[in-house]
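Here are my notes after a first pass through the model, point by point. Have it open while you read.

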Amino acid sequence: MEETLYRCPMHPEVVQREPGSCPRCGMALEAESASAVDPEQAALRLRFWIGLGLTLPVVVLAMAHMVQGAPSWMHGGAATWVQAVLCTPVVFWCGASFFARAWQSIRNLQGNMFTLIALGVGAAYGFSMVALLAPGALPEQGRALYFEPAAVIVVLVLLGQMWEGAARARTGAALRALMDLRPARAWRIAQGAEEEVELSAVIAGDVLRVRPGERVPVDGVVVEGASDVDESMLTGEPMPVHKEPGEKVTAGSMNGAGGFLMRAEQVGAATVLARIVEMVAEAQRSRAPIQALADRVARWFVPGVLVAAVATFLAWLSLGPEPRLGLALSNAVAVLIIACPCALGLATPMSVMVGIGRGALAGVLVKEAAALQRLENVTLLVVDKTGTLTAGRPALVTVRPSLGFTEAEVLAAAASVEQGSEHPIARAVVLGARAAGIVVASAGGFFSTTGGGVGGVVDGRAVLVGRPGFLSERGVEMGGDAAREAASAQRLGHTVVFVSIEGRYAGWLAVADPIKASAREALPILHRMGLRVRMLTGDHPQTAAAVAGALGIDAVEAGMSPEMKRDRVRALRAEGEVVAMAGDGINDAPALAEADVGIAMGGGTDVAMQSAGITLLHGDLRGIVRAVALSRLLMTNIRQNLFLAFIYNALGIPIAAGVLYPWMGWLLSPMIAGAAMSLSSLSVVGNALRLRRSRLPM
């Protein structure tokens with residue numbers, strides 16, 4: 001069974017094998033596994049409900065003197081002892097974790113929110129016990145009891161932690177949604193028998209049956225049958241993909257109406273889905289550079305609050321009205337409680353967790369939070385051509401027959417001969433013929449000339465397909481019109497092959513790597529977002545210029561080696577550009593690593609994905625639009641959270657200290673301060689959760 005590790009949500013570098021608290025900030029560690037049960041939440045609920053049950057009578061007894069007609073025993077000496085008895089387990093059992101974490105923070109010299117809570121609650125409870133047990137040690141005006149605020153603060157903090165934990169649990173919804181795509185069981189065929197087994201029992205090489213309406217259990221290859229499979233969980237494309245024997249299927253994709261047998265190839269943690277889940281989980285634990293600002297503030301925050309609390313106590317003790325001692329203690333405790341820096345610490349991690357999870361559901365996989373932060377400021381998008389702007393595989397785009405021949409006749413003859421070749425152009429011609437509904441016949445006497453063309457006999461007629469020189473060497477004459485038409489197609493970046501039948505010129509075919517429709521949609525939006533786009537490609541300048549012109553790309557550089565791409569990206573950065581590089585091949589990996597943000601197009605090579613900070617599951621520019629939009633939404637959300645945390649403390653601490661009292665008579669009780677502290681953390685978490693509902697373009 002896989003071991004569950006526990007990590008701090010505010011300090012991801014803190015990790016251990018058992019549940020517990022962070023030695024730096026005191027927060028409860030969270031299980032890395034999205035499916036693990038959180039023991040902290042169950043304990044919190046128990047302590048909260050018991051604490052609430054004991055605290056309500058304390059509040060009633062403490063307020064009895066304000067209620068006309070209340071029985072005298074409710075505000076007599078016996079009532080104060082009842083308050084003390086009920087308050088003690090609330091403080092020392094329900095709030096035990098506060099004091100344990102505070103002591104840990106003192107030992108580690110890492111002041112945190114629990115340092116302030118323990119000091120505030122401890123001061124209120126300790127002062128009350130002195131007033132109860134040794135009243136002579138205090139001046140008469142200062143013999144106030146603070147059992148009520150001590151108990152209420154503990155209960156409010158527990159309530160805030162409980163709500164906060166439930167809200168943080170929702171940040172893992174994206175991971176759980178991905179994990180839920182995996183079926184729990186699979187149908188395995190062994191020795192002619194079919195059995196249902198746990199998914200963990202499936203090994204590479206097993207033959208599995210996928211029934212209609214079931215999810216594909218592991219990554220593998222179809223070996224028998226055919227079906228339409230919905231792969232939108234990976235590609236974002238709503239149209240199902242038809243799968244036949246020899247084609248790959250991916251774990252988590254949904255089978256349609258057909259059934260098929262598949263051979264398992266990648267299982268367990270090796271499946272694409274498992275790797276995606278792990279990538280998202282790791283990214284959610286990563287830190288955005290902007291977190292350093294909150295860390296610098298937090299490092300000095302707790303000592304500053306302690307100084308402010310001491311100054312508040314001394315000021316009220318020396319300058320305040322009677323009862324000076326009671327007011328001094330109450331206001332100092334309020335400062336300690338309201339200033340807890342939990343909201344400040346949560347501001348960035350919560351947004352990162354939710355934002356990266358939202359991106360995963362949109363097909364934008366983030367390797368580290370820093371990449372999303374840098375993406376917000378990108379000024380220049382550098383793209384490869386093949387596989388990024390174009391489909392990455394040649395396709396038949398034009399069939400131009402000569403006089404006396406039909407389009408179908410030329411295509412049928414060419415495809416029949418080309419099916420004997422393994423060249424990508426030959427494959428494009430054959431697939432184009434089949435897509436047009438043309439029956440591809442078998443060719444006899446097939447021969448091939450490297451760099452020239454192919455020939456054979458189809459239905460008793462000699463057919464040649466290849467370059468002009470290949471045909472002319474064999475006595476085929478082509479007119480000037482054919483050469484001019486073909487030249488115009490070549491200027492568009494197309495590859496042209498000529499066809500002869502029975503020694504007569506029959507026409508020409510154009511094959512091209514087609515521009516993705518998604519690139520035509522996405523580029524105008526990227527321009528509106530303020531990004532300029534530059535193409536760096538190893539392809540021929542003429543082809544590159546044709547593609548760039550069709551898409552309105554700002555600049556193009558062709559004939560570039562991987563080293564040249566890397567050096568060009570480096571030079572662009574030196575000129576002051578913030579560069580994002582998008583590519584999908586091994587030749588793009590050096591430039592991806594050199595860029596401020598590397599974006600790997602899904603379906604590309606593993607080395608490209610490892611070199612990039614962001615991977616797009618569906619390899620097209622629409623994913624870049626979504627990634628840029630996500631980056632801007634995330635950074636806006638983080639800044640909102642930091643503002644909420646800073647403004648809360650900037651306003652809350654002076655009010656708790658009593659600066660408004662001389663003019664308005666306002667004082668903040670420790671109980672109200674405790675409620676405000678919990679609400680500040682909830683406001684930050686709630687604001688981060690808004691990212692789950694954000695709409696990304698395209």
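Which residues is Gly 538 in contact with, once its neighbours within four places in sequence are left aside?

1. Gly 538 and its partners. The contacts are with Gly 559, Met 560 and Lys 565. Gly 538 itself sits in the loop that runs from strand S21 (532-536) to helix H18 (541-551). It comes out as partly exposed, at 48% relative accessibility. Have a look at Pro 562 while you are there: Gly 538 and Pro 562 are 24 residues apart in sequence, and their C-alpha atoms are 8.1 Å apart in space. Bear in mind for this and every point below that the model is predicted.

2. The chain as a whole. There are 698 residues in the protein chain, and 52% of them count as buried. The secondary structure comes to 24 helices and 25 strands. If you take the contacts with a separation of 6 or more, 67% of them are between residues 24 or more positions apart.

3. Helix H2, length and bend. H2 covers residues 77-94, which makes 18 residues, and at 1.5 Å a residue it should span 26 Å; the end C-alpha atoms are 25 Å apart, so the two values agree. There is still a kink in H2, of about 25°, at Cys 87.

4. Helix H2, what is covered. The buried residues here are Ala 79, Thr 80, Gln 83, Ala 84, Leu 86, Cys 87, Val 90, Val 91 and Cys 94.

5. Gln 83, a closer look. This glutamine lies in helix H2. Its relative accessible area is 7%, and because buried means under 20%, Gln 83 counts as buried. What does Gln 83 touch, not counting residues up to four places away in sequence? The answer is Val 58, Leu 61, Ala 62 and Phe 147.

6. Helix H13. This is another helix where the length works out: the 12 residues of H13 (residues 407-418) should span 16 Å at 1.5 Å a residue, and the end C-alpha atoms are 16 Å apart. H13 is mostly covered, with 9 of its 12 residues buried. Those buried are Val 410, Leu 411, Ala 412, Ala 413, Ala 414, Ala 415, Ser 416, Val 417 and Glu 418. Note that a charged residue, Glu 418, is on that list.

7. H17 against H22. How do these two helices, H17 (residues 517-528) and H22 (residues 621-657), cross? Their axes come within 7 Å, at an angle of roughly 30°. Angles under 35 degrees count as roughly parallel, so H17 is roughly parallel to H22. On the H17 side the contact is made by Ser 518, Ala 519, Glu 521, Ala 522, Leu 523, Ile 525 and Leu 526, and on the H22 side by Leu 621, Arg 622, Ile 624 and Val 625. By class that gives 8 nonpolar, 1 polar and 2 charged residues.

8. Two positive phi values. Asp 459 is not a glycine, yet its phi is positive, at about 50°. Its place is the loop between strand S17 (453-458) and strand S18 (461-466), and at 70% relative accessibility Asp 459 counts as exposed. Glu 502 also has a positive phi, near 55°, and is likewise a residue other than glycine. It lies in the loop between strand S19 (495-501) and strand S20 (504-512). Is Glu 502 buried, exposed or partly exposed? At 48% relative accessibility, Glu 502 counts as partly exposed.

9. Arg 211 and Trp 187. Arg 211 is in the loop between strand S6 (207-210) and strand S7 (219-225). With a relative accessible area of 31%, Arg 211 is partly exposed. Leaving out residues up to four places away in sequence, it touches Trp 187, Glu 194, Asn 255 and Gly 258. Arg 211 and Trp 187 are 24 residues apart in sequence, with 8.8 Å from C-alpha to C-alpha.

Definitions and conventions: Residues numbered from 1 in each chain as written. Predicted model: local features only at pLDDT ≥ 70, side-chain atom pairs only at ≥ 80, totals over all residues. Heavy atoms only, no water. Helix = DSSP H or I, 4+ residues; strand = E, 2+ residues; numbered from the N terminus. Expected span 1.5 Å × (residues − 1). Bend = angle between axes of the 7 residues up to and from the residue. Buried < 20%, exposed > 50% of the residue type's maximum accessible area, 1.4 Å probe, protein only. Axes fitted to C-alpha atoms, helices over the stretch in contact; angles between N-to-C directions. Parallel < 35°, antiparallel > 145°, perpendicular 65-115°, else oblique. Contact = heavy atoms within 4.5 Å.
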